[in-house]
Amino acid sequence: MGELKTENDVKELIIDYGYDDVNIFSNPDYASAFIGISEDNRAVYDYDKMVKFLMDKDGMTDIEAIEFIEFNTIRALPYFENSPIIIHNLVSD
């Protein structure tokens, strides 16, 4: 599959690989930031790609996107069972 563009793309990919009950982000779905599944069946997202997603989709500046992710996404993680994992990729692509 090429670039993931929607939440449905992420769901289809997860199902295609045989994973069940994986919680993914929605609203915003950060589809293009999804990078895989952890050993404990949690969705994994790239932080920098999440920032880029918000900049591209919602026209946010990098600072606005970072603030949004920190306040609205990361703070919500403890309230999800098997919440997604957000990584900071230290190696450039």
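Aspartate 46 touches Ala33, Ile35, Ile87 and Asn89, leaving out residues up to four places away in sequence. The model examined here is predicted. Aspartate 46 belongs to strand β2. This residue is buried, yet aspartate 46 forms no salt bridge. Lysine 49 carries the nearest side chain of opposite charge, at 4.9 Å.

Backbone atoms are reached instead. The side chain of aspartate 46 comes to 2.9 Å from the backbone nitrogen of aspartate 48. The backbone nitrogen of lysine 49 is also reached by the aspartate 46 side chain, at 3.1 Å.

Strand β2 is part of an open sheet. The sheet has three strands in the order β1-β2-β3, and the pairing is mixed. The edge strands are β1 and β3, the latter spanning residues 85-87, and each of them pairs on one side only. On average, neighbouring strands of the sheet are turned by 30 degrees against each other, with direction ignored. Helix α2, residues 47-58, packs on this sheet and touches β1, β2 and β3. The direction of helix α2 makes about 70 degrees with that of β2.

The pairing of β1 with β2 is antiparallel and runs over three bridges. Within this part of the sheet, isoleucine 37 stands opposite alanine 43 in β2.

The loop between these two strands was examined next. Serine 38 is found there, between β1 (34-37) and β2 (43-46). The relative accessible area of serine 38 is 14%. Buried means under 20%, so serine 38 counts as buried. Serine 38 is in contact with Val44 and Ile85, leaving aside its neighbours within four places in sequence.

A further residue was considered in helix α1. Asparagine 8 lies in this helix, which covers residues 7-16. The relative accessibility of asparagine 8 is 47%. That value falls between the limits of 20% and 50%, so asparagine 8 counts as partly exposed. Asparagine 8 and aspartate 29 are 21 residues apart along the chain. Their C-alpha atoms are separated by 9.4 Å.

Terms used
Residues are numbered from 1 along each chain as its sequence is written. This is a predicted model: local features need pLDDT of at least 70, side-chain atom pairs count only at pLDDT 80 or more; totals for chains, interfaces and linings use all residues. Side-chain values use heavy atoms; hydrogens and water are left out. Helices (H or I, at least four residues) and strands (E, at least two) are DSSP runs, numbered from the N terminus. Buried means under 20% relative accessible area, exposed over 50%, partly exposed in between (1.4 Å probe, protein chains only). Contact means heavy atoms within 4.5 Å. Lys and Arg count as positive and Asp and Glu as negative; His and the chain ends are not counted. A salt bridge is a side-chain nitrogen of Lys or Arg within 4 Å of a carboxyl oxygen of Asp or Glu. A polar contact is a pair of N or O atoms within 3.5 Å; within protein, one must be able to donate a hydrogen and the other to accept it, and residues adjacent in sequence count only if both atoms are side-chain atoms. Two strands pair if DSSP finds at least two bridges between them. Axes are lines fitted to C-alpha atoms, for helices over the stretch in contact, and angles run from 0 to 180 degrees between N-to-C directions.
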